[in-house]
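Hi,

Here is the structure I said I would pass on.

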Amino acid sequence: MLVLAFDTATAAVTVALYEWSPGEGIVGRAATEAVDPRRHTELLTPSIAAVLAEAGAAPEDLSALAVGVGPGPYTGLRVGLVTARAMGEALRVPVHGVCTLDVIAWASGRMTPFAVATDARRKEVYWARYDSAGLRTTEPAVGPATDVREGGPDDLPVIGEGAALYPDVLGTPGQDPTPLLPTATALAELAVTRLSGGVGPGLLPPEPLYLRRPDAKEPGPRKKVTPATPPSPASPPSPASPPSPASPTSPATPPSGARP
C-alpha cells in the first residue's frame, strides 16, 4: 500500500510518501516541506511531483491519499483539500482526512496528558487536549489561549505553534513546545497505521474543519436599485383669457339742482 500524504492547514506545506506491506511494517519513501504562509498554491503541486520523483513512483502507483483537514485558516487549508479531492477522483483512489492537531500530537510521541495549540490568527488558537499521542479527549476548538487549560491542570503541557506564540499563557517551565507544525511524515505514518489496522486517531472525510467563518466573504446578490422617477413634463401655460370688453360708461348723474 502506497500512501501520499500532505497538509497545508498551517504555514507549512508538507508532503510525504509512505509504504506499508504485510510483515514489513511502515516505510518512508520520500518527504519534503517548506514553511511559507503565502505560497501554498505555488508550492504544493511541485512538492508532490518532487516526492514522487524521488521515490521513483508515479501517481498511478498510489493506493490512497491522506490530507490534513485542519482546523486552519480558510485559504491555505482549501489548497490541500481541493488538490487531494481532485487527485483522488482522477486516480480513483480513496482520500482520507486527518485532523491537523492529531498529526502534531502523533508526532510528539507523548504518553501523558497534554494539549496541542496552533495559530488561528486574531489573537486566538486552534486547540485540543490529549491523554496520549494517539488519544484525543476533546473536540477541536478555537478561542483565546486562556481556553486551552481552562478546567484542566494549570501546568498541562502545551505543544504546537500556539504555545510558542503565547508563552506567557501556554508556556510551561522546562517543557519543550515542539513539534510546532505538522509534518506529512507524521500524517502519512498515522494514516498508514490506521489503514493497516493499527490503533490511533480516527480518519475523517476529506472535509475542512474551519471552526469559524472565513475572513473573506462571497459577495451577495446585487441590491435592487429602484429607477428614479423621471420628472413630469411641465404643463404648457394656459392661454391668457381675452380681456372683457369695457362696459359703456353710464352718464353721470347731474347734481341735484343743476341744469341739464
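Val169 sits in helix α5, which covers residues 167–170. Helices here are DSSP runs of H or I with at least four residues, strands are runs of E with at least two, and both are numbered from the N terminus. Keep in mind that this is a predicted model, where local features need pLDDT of at least 70, side-chain atom pairs count only at pLDDT 80 or more, and totals for chains, interfaces and linings use all residues. Residues are numbered from 1 along each chain as its sequence is written, and side-chain values use heavy atoms, with hydrogens and water left out.

Which residues does Val169 touch, apart from neighbours within four places in sequence? Ala145, Thr146 and Arg149 are its contacts, meaning heavy atoms within 4.5 Å. Pro144 is 25 residues away from Val169 in sequence, with 9.8 Å between their C-alpha atoms.

Now the whole protein. It has six helices and 10 strands, and 39% of its 260 residues are buried. Of the contacts between residues at least 6 apart in sequence, 61% join residues at least 24 apart.

As for pLDDT (the predictor's confidence in each residue, from 0 to 100), the mean is 88, and 82% of residues reach 70 or more. Over residues 256–260 it stays under 50, and the model has zero contacts there beyond four places in sequence.

Cheers

Key: Buried < 20%, exposed > 50% of the residue type's maximum accessible area, 1.4 Å probe, protein only.
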